[in-house]
Amino acid sequence: MERNIKVGIGIMIFEGKKLLLGHRVKGKKDTGGIYEVDCWTLPGGKQEYGETFFQGAKREVKEETNLDVDDLEMFSIADDIQPDRHFITIHVIAHKHSGELKVMEPTKEDEWKWFDLDNLPEKIYSPSKKFIEEYLGEKGI
């Protein structure tokens with residue numbers, strides 16, 4: 001088993017007071033990230049060698065949702081640890097987005113949906129949940 005710490009990026013995108021989340025498919029393959037299926041997640045993924053975390057955030061959002069994001073802010077950083085993997089996850093907020101929302105990787109996420117902050121789904125991907133809870137706590141929501 002590989003014992004390296006990897007870098008993940010989670011991106012929070014709003015439309016008014018609604019937050020974008022994608023549904024991770026039940027049969028999703030393990031791609032080496034924190035492995036949790038059949039739950040809702042923020043767009044994001046692994047940072048690639050040679051790119052900044054903002055470049056990685058833009059790439060991941062485009063690859064997954066077809067949206068272009070801009071005016072990015074680094075919000076926080078968290079450890080996401082499971083018995084066989086460890087990620088440092090950078091939490092990024094995209095203050096601007098454009099484009100047509102689409103499911104771009106249907107074997108990973110089968111739906112993207114805007115949720116009211118006071119009516120989020122119950123089952124949220126643990127790294128995304130950590131980010132959302134920290135954001136809501138800081139904003140007093």
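Here are a few notes on this predicted model.

1. Ground rules: residues count from 1 along each chain as its sequence is written, and side-chain values use heavy atoms, without hydrogens or water. As the model is predicted, local features need pLDDT of at least 70 and side-chain atom pairs pLDDT 80 or more, while totals for chains, interfaces and linings use all residues.

2. Overall, the protein has two helices and seven strands (DSSP runs numbered from the N terminus: H or I of at least four residues, E of at least two). The order from the N terminus is β-β-β-β-α-β-β-β-α. Of its 141 residues, 44% are buried (under 20% relative accessible area, 1.4 Å probe, protein chains only).

3. Helix H2 (residues 126-139) is worth a look. Its 14 residues reach 20 Å from first C-alpha to last, close to the 20 Å expected at 1.5 Å a residue (1.5 Å times one less than the number of residues). Pro127, Ser128, Phe131, Ile132, Tyr135 and Leu136 are its buried residues. They cover an arc of only 160 degrees around the axis, so they sit on the same side of H2 (the arc uses directions from the helix axis to the C-beta atoms). Just after H2, Gly140 has a positive phi of about 70 degrees.

4. Thr89 sits in strand E6 (residues 85-98) and is buried, at 8% relative accessible area. Its side chain makes a 2.5 Å polar contact with that of Asp80 (N or O atoms within 3.5 Å, one able to donate a hydrogen and the other to accept it; residues adjacent in sequence count only if both atoms are side-chain atoms).

Definitions and conventions:
Buried < 20%, exposed > 50% of the residue type's maximum accessible area, 1.4 Å probe, protein only.
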